[in-house]
Every structure is written in structure tokens, then in C-alpha cells.
Amino acid sequence: MLDGPPLPQGAGYAMVCGLGAVFSIGMMLITTMLKRYQKEIMTAEEFATAGRSVKTSLIAAAVVSSWTWAATLLTSTTQAYLNGVSGGFWYGAGACVQVILFATLAIKAKQVAPEAHTFLEIIKGRYGTVGHAVYMYYGIATNILVTAMLLTGASATVSFLTGMNTIAAIFLLPLGIVAYILYGGIKSVFLTDYIHTIVIIVILLMFAFEVYAVNPLLGSPGAVWDKLTELAETKPISGNAQGSYLTFKSHNGGIFLIINLCGNFAAVFMDNGYWQKAISASPASALPGYVLGGLGWIAIPVVVSTTMGLACRALESSPSFPYYPGLSADQVDAGLVLPATAYTLLGTGGAVASLLLVFMAFTSAMSAEVISVSSIATYDIYRSYINPNATGKQLMWTNYISVCGFTLAMVGFGIGLYESEVSLGFLYNFMGVIIASAVIPATLTLFWSRQTLLAATVSPIIGSIVAIIGWISAAKGLYGTVTYDNLFMDNVMLTGNLLALIVPGIFSPLLSFIFPEPPFDFETLKTGIHRVDETEEIMEAEGELPEGGISPNTDPEKLAPITSVATIGKRLAAVNKAKLLEEESAHLAKASRFAGWLTLFLFLALIIVWPMPMFGTGYIFSKRFFTGWITVWIGWLFLTAFLVCLFPLWEGRHGIYTTVRGIYWDLSGQSYKLREWQNEHPEQLHVVQSQISAAIHSGNGNVVTTEDKIGNIDAELSSDEHK
């Protein structure tokens, strides 16, 4: 048996500090290039929403990356280790449908509240302060739990592989993330998601080919099948058909599916990070981005689990297994199946690869959680209750403070969880008990005009109380005592998760019918939620702001020569507003109808039609079927690689060309060409596109241009100039 970790402590510090710093600096350099060559001026709006113009491929890549957190890799592998081939599929299918179903909510949110920055702003616009406070608790609780899982899983893996102090890992892991978020906002999160996903997919493909093609310890699906078939005789899984590792008929696997569905509905629907990605998407990109992202993502947990989880089972009975005669229960609960298997297969290289894999998954998901909380603090707390008339600069400072404050708070919370010996597996199963009760009322907020304030605020509270009582009572009733281990048992967690999700679904309609209110007019959200006008900030960044700023008394002669991209963007929107708004509304309405049917179809396909016949019949995979199963999923992962690695390059080819050309002009001393191009083609600049989006929806359906702000001093451009 291996004595000590496979890698030295220095490797852990090099990964966490060194690679984290290199990656952070790289992200800041990319952000700097975007600011110079594509005019991505960092305003509060840009920080939180990326100008609401992110394209389909980058949304899909962000969904894949954000949903590939530590639990995706570590918990899915653990489930395959514990329950066999069904465990990994149930993780993937049970966490994929939420992202696909969320596409419907994303479209609806963009329809009813095009100016929103967070989903909590929509809650406040409909229910006022009381409802806002209730759902703010659930939204922040979701971010806290998800971030806690990220810190717990990543730090445990780093410590396991390198011997690095776990508390030091918890403290150091987020540092690089904070740096590039402060510099680049949510756009840096999208770029990070893209790069991290490439690394993750490459490593997973390497693991898959190692297990099923080249490694002498296994080397083929047939060899894995043989070993798992032998294990069914010598070490069967209780509750599985014939004790097999190769069947979908698994008692504990079925329980995990339900827990997974409940918890991940909350992890997606109540996580403001997913709403922000939807808000950041262009109207045409929200639906395909989330659907393609969900379908692409499912291959990641299925491949990593059926590769590393089953390989660990196949190898651990051999004396050559470094952790022979097998991992302890605590190590399995901590999610250490994956790194142990990687080291067994590839030695030091496998340990480094698994360390890099978890590090990438941690940083991309953590960055989404940090920006999510900063937006809640900025728009739902500071702007809503402290300073309703906050300027863009004040909002930016609030973002900066909240990013740092939340990170420090979570470091402390993560250290507390470590000292309390709370595992990743416990947090993952427990998540739904705490936050799932808000899922149905929050969804009905967008889709049912008759849900009342009383129903929306009381039903999730009742659900949480009932769920916690049921969870604790189940432990007491089934096992006689309430302990950490008993509360972690499958049936106990199942009870709490189901109650949390179902009870509000009963109470919300019931209370709405008993104490009815007039139907809510969703049109009020379009005028009740608005952006901050940051024209002056943009003009200042462009060096075109008159001394003393802009006011109704500003000398017209000072404004005549101004050609700020902000002004140009709003003027272009003024000319094309009616047509653009009509096209956008029609597209969203069509996408909303399509999304409902598509998500229903995919839910039935992934949860019912495909797996349930195998579950009901107790079918045990033959060698040929298992080989085909592995081949299909590896092929699916290649499709995911195309979707999130190559498609964004194609869709962003014009921006890439513009940036590369600008770099060449700078390096060759022809910077004047860059300035000329930006002046001649302002409509292609990111900030102009962002201002067009802002102007279309500003105010009570009317465009708020710079002329409104300065008293119509500046004249309109001619139609030729617009062209």
C-alpha cells in the first residue's frame, strides 16, 4: 500500500499558487486586449451582464463549464464506484434535465424582464420587499452551499494527492479567481469557462482511452467487463440485480436519482449564476445555448464515472493497487475515487492530470458563484435598499467589495466544514433539503400570474421546515438516533429532499386559491426594472467627457464634436428601435413555445424512455452491449468537444480576426489604423452593441438617448451618417 501522497507538497502549492497566478494573469491580458481592440469598456452593466450580447457557443461552453464543478467529477465517479454503471448515468441524466428545463425559464425571464440583472430583481418587482427577502435567503444559501462543495472537494483532492495542508488549500484556491473577476467581470468568467472546459475534456478523453484502449492493467471494455462480472460473484452490490455492477436495476442508484433531481433543481433554478448567463445571452442565444450546453455536458459525468469509477472497482482487489485492499469509506465519501484511479493507471502523470482536472473544475465553477453573489449584493441589496440612485462607479465599487467579502467568508466557512469533518458527499445530498423548497414557487413566479404574495413567501418556508423535520425524524425513526452518519443515509436524505421539493408544490396553489389576488401584469416588470445610464462613464473611458461632466447647462459647443461610442450606440438604437424590438419579441415568443416542448421531450427521453426499460427488466449488460455503451459515450464526448472547443472559435471568428489585426497594427507601429477602423465601423464594437441593447429597452418603452440627458442640445445624426 502507498505510504504518503503520490506527489510532493510543492506540486500542490505550484498548482494552486503558481498555475492560479499564471492563469489569472492570462485572463487579465485577454480582458485588456478585448478592452483595447473591441471596446469592451468595464462598466457596472458590463461587469454583471457582458452587454447582454454573448453568443450561443460561449453560453453553451459556460453552461458545460459551470456545471462541471468538483461534484460533477468526484461525486459521479463515487456513484459509479458504489452503485455500478447506473450511478454515473443517473448523475448525468439527473443533473442534465435541470439545465435543459432551465432554458424555458431563461427565455421567459428575458421576455418579462429584459432589464433585470438577477432573478431576485424579478422577485422584488412582483412581490415587493417581503418576497424579495425570502428568495434572497434561498439564492444566497444556494451560492454558499455550492461554493462550500467546491472548496471541500477541491481541497480534499489537493491534500490527498500532494499532502498539502487542507486549510492552506482552502485559503489559497480562490485567490487567482478573485483577481481576474475584479478585472474582467462576468466576461472573464465566460472566457475562463471556455479555456477550462478544453482542458477538462482533453484530460477526460485521455483517461477514457487509457482505461478502454491502451493501459496494460485494463486496456479494453471487455477486460473491464470481465473484472466487474467476477466482482459480482465475490463482492456483489447489495440492492443491485444479481449484485451486478453492470445493471441499471439498483436500489441505491434509484434513490440517488431522486436525491439528485431534487438537489440539482435547486442548484440550477436558485443559483443566480445560471440566471446571469441567461441574462448575458443575446435573445437568439439563450435557448440554444442552454439546450446545447445541457446535452453536451451529460457526456462529462457519464464518461468520467464509467471510466474512473468502474476502473477503480476493477483494480482495487489487486495487490498492485496503491491503496490495496481498497479505499476507506471516508475516502470514498470525500470523492477520492477519481484521483486514486488516475494515479493507479498513470502513476505520477495521472496524479498531476487529476489534480489539474479538479483545479480547472473548481476555478470555473467558483468564479460563477462569486460573480453571482456580487451581483446580488450590488443590485438586490445596495441598489435596492441602500442607494437606489447609485451611479455606475458606485455599483462597481460595491461589486469589488462584495467579491472580496464573499470569498473571505467562504474561506472561513470552508475551514469550519473541514474541521467539522463534513464531506463533499454529505453536502451534495443535503443541498436539496435546504434550498429545493423554493424551486416550484420561483418557477411559478414567471409562469403563473395568480400565484399570490402569501403563497410565494409562505410555501417555501413551510417546505423547508417540513423537509428538515422529516429529514431528522427519518434518521430517528429508521436508526434510533440522530447522528451525522445516520443523517447521511440514503433513505433519510431521500425523505428530506422529496419533502422540500413537493410540499411547496402543494401549498403554493392551495394558498393562492384560498386567498386569491388579482392576476399579476407581467408588463410592469419591463418598466419597473431598469439599468443605470452609464453614458458618462463610457465617454470618460473614451476621453470624450467634457470637463465637469454633462448637465442640462453644458455648453453645446463642447458637445458638438462628441462621437462617443455610447452616443453612437444609442442613436443607432433610436433609428432601428421599432424593428429591433419587434424582431426580438417575436423571436423570444417563438423560442418560449419551442423550449417548452423540447425540454419536455428531452426530460422524457433521458429519464424515462431510455433508462427505465433497463431498470425495470433488471437487464445486466453483456460484453457486447457494454462495449457499445462505452463507445457511444466516448463518441458523445467528442461531440461535446466540438461544441464547446471549436464552435466558439468559429462563431467568434470575426472578433478574433479584429483582435489579431489590432495587435499586428500595434506591434508594427500602425496604431492609427486601429483608431481609423474603430471610428469608421463603430457598429461592430462591443460597447456599441451593448448600448443598442440598453437603449431598446430603456424607460417606459422609449429610448433614453444622450440628448434626453443634456436637454436635446446635440443634433441627431443624418440618415446617411447612421448608415
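Guide: A word on terms before we start. Helices here are DSSP runs of at least four residues, numbered from the N terminus. By that count, serine 512 sits in helix 22, residues 490-514. Keep in mind that this is a predicted model.

Visitor: OK. Is serine 512 buried or exposed?
Guide: Buried. Its relative accessibility is 4%, and the cut-off for buried is under 20%.

Visitor: What is serine 512 in contact with, leaving aside its neighbours within four places in sequence?
Guide: Five residues: Trp448, Arg450, Gln451, Thr452 and Ala455.

Visitor: Zoom out. How many helices and strands are in the chain?
Guide: The chain has 33 helices and zero strands. It runs to 723 residues, and 60% of them are buried.

Visitor: And the contacts between residues at least 6 apart in sequence: what share joins residues at least 24 apart?
Guide: That share is 84%.

Visitor: Now helix 8. How far does it span between its end C-alpha atoms?
Guide: Only 38 Å. A straight helix of 40 residues would span 58 Å.

Visitor: Where is the kink in helix 8 centred?
Guide: On glycine 184. The kink is about 120°.

Visitor: How many residues of helix 8 are buried?
Guide: 28 of the 40, which leaves helix 8 mostly covered.

Visitor: At what angle does helix 1 pack against helix 8?
Guide: About 90°, with the axes 8 Å apart. So helix 1 is roughly perpendicular to helix 8. Helix 1 covers residues 9-37, and helix 8 covers residues 175-214.

Visitor: Which residues meet there?
Guide: From helix 1, the list includes Gly20, Phe23, Met27, Ile30 and Leu34. From helix 8, it includes Gly176, Tyr180, Tyr183, Lys187 and Leu191.

Visitor: Switching topic. Where is isoleucine 468?
Guide: In helix 20, residues 453-479. Isoleucine 468 is partly exposed, because its relative accessible area is 31%, which falls between the 20% and 50% cut-offs.

Visitor: Which residues is isoleucine 468 in contact with, beyond four places in sequence?
Guide: Val433 and Ile434.

Visitor: And how far apart are the C-alpha atoms of isoleucine 468 and leucine 499?
Guide: They are separated by 8.6 Å. Along the chain, isoleucine 468 and leucine 499 are 31 residues apart.

Methods: Residues are numbered from 1 along each chain as its sequence is written. This is a predicted model: local features need pLDDT of at least 70, side-chain atom pairs count only at pLDDT 80 or more; totals for chains, interfaces and linings use all residues. Side-chain values use heavy atoms; hydrogens and water are left out. Axes are lines fitted to C-alpha atoms, for helices over the stretch in contact, and angles run from 0 to 180 degrees between N-to-C directions. Helices (H or I, at least four residues) and strands (E, at least two) are DSSP runs, numbered from the N terminus. Angles under 35 degrees count as roughly parallel, over 145 as roughly antiparallel, 65 to 115 as roughly perpendicular and the rest as oblique. Contact means heavy atoms within 4.5 Å. The expected span of a helix is 1.5 Å times one less than its number of residues. The bend at a residue is the angle between axes fitted to the seven residues ending there and the seven starting there. Buried means under 20% relative accessible area, exposed over 50%, partly exposed in between (1.4 Å probe, protein chains only).
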